[in-house]
Amino acid sequence: KASKMIDTTKVNILNQLSISYFNNNPDKAYDYAHQCWIISTQIGYKKGIARAYNRFGWIHNQRGEYPLALEYLNKAIKLFEELHNREGIATSNSYMGSVYSNQGNYPEGQQYYQTALKYYEEMKDVSGIASAHNDIGYNFYNEGNYTEALKDYTIALKIYKDSNERQGLSYAYNNIGEVYQKLNNFTEALNYYQQSLKIKEEDGDKYGSAWTYTNIGEIYDRMSNSEESLNNYLTGLKLFEGID
């Protein structure tokens, strides 16, 4: 029993490691998820297996390998449902939404995002609710439905403000800026981008800051302010070079 406990602890650590490498090193993330899957299978730890499937699904999604992503995420949802693990079901549904959205199947993506939202609301998971509204907004944004995108992004923004979740807040400001940019409302876009940048710089988020400087450069370009545009582009470039 003690050795099984050690193994499940190990699986949970491997799972966290996999998550932490998601964005900057998918191969490493996959490797940790695979180790997680091997140990979980050996000891019959269903939750560990489901989580590994979830990670596989997300990484295949990032690589644009959508059929594989859907296959693993379906397996994950099935296992999480057997375990009555609402958090797992919510996350997997959210990932499924992303796979469909990335393929341009927005109605299908919307259904999965809405399911994720329902589970987060049941659990009163504030961060999950905000994240789901963000996803739904992004889905509307990609579909070209900017009015609806703005509604969901604004809900996410309010939740992040209330819970003082700074990273979420900075990205929500950025997302709303992008919507206003699409609507050619450059003054509002600039306002939201600058609020996003302020948080990112305070928190030392160089990658996020670099992108926001790029967005601001684009706005000034659209406003025919070449000098400010160039300044912002150069600052963004310098940051990107700094983090390689």
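Reader: What kind of model is it?
Author: A predicted model, where local features need pLDDT of at least 70 and side-chain atom pairs count only at pLDDT 80 or more, while totals for chains, interfaces and linings use all residues. Residues are numbered from 1 along each chain as its sequence is written, and side-chain values use heavy atoms, leaving out hydrogens and water.

Reader: How many helices and strands are there in the chain?
Author: The protein chain has 12 helices and zero strands (DSSP runs numbered from the N terminus: H or I of at least four residues for helices, E of at least two for strands).

Reader: And how much of it is buried?
Author: Buried residues are 48% of the 244 in the protein chain; buried means under 20% relative accessible area, with a 1.4 Å probe and protein chains only.

Reader: New topic: at what angle do α3 and α5 cross?
Author: Roughly 20°, and the axes of α3 (residues 46–62) and α5 (residues 86–102) come within 10 Å. Axes are lines fitted to C-alpha atoms, for helices over the stretch in contact, with angles from 0 to 180 degrees between N-to-C directions. The two helices are therefore roughly parallel to each other, a label for angles under 35 degrees.

Reader: Which residues in α3 meet α5?
Author: Asn 54, Arg 55, Trp 58 and Asn 61 in α3 meet α5 residues including Gly 88, Thr 91 and Tyr 95.

Methods: Angles under 35 degrees count as roughly parallel, over 145 as roughly antiparallel, 65 to 115 as roughly perpendicular and the rest as oblique. Contact means heavy atoms within 4.5 Å. Buried means under 20% relative accessible area, exposed over 50%, partly exposed in between (1.4 Å probe, protein chains only).
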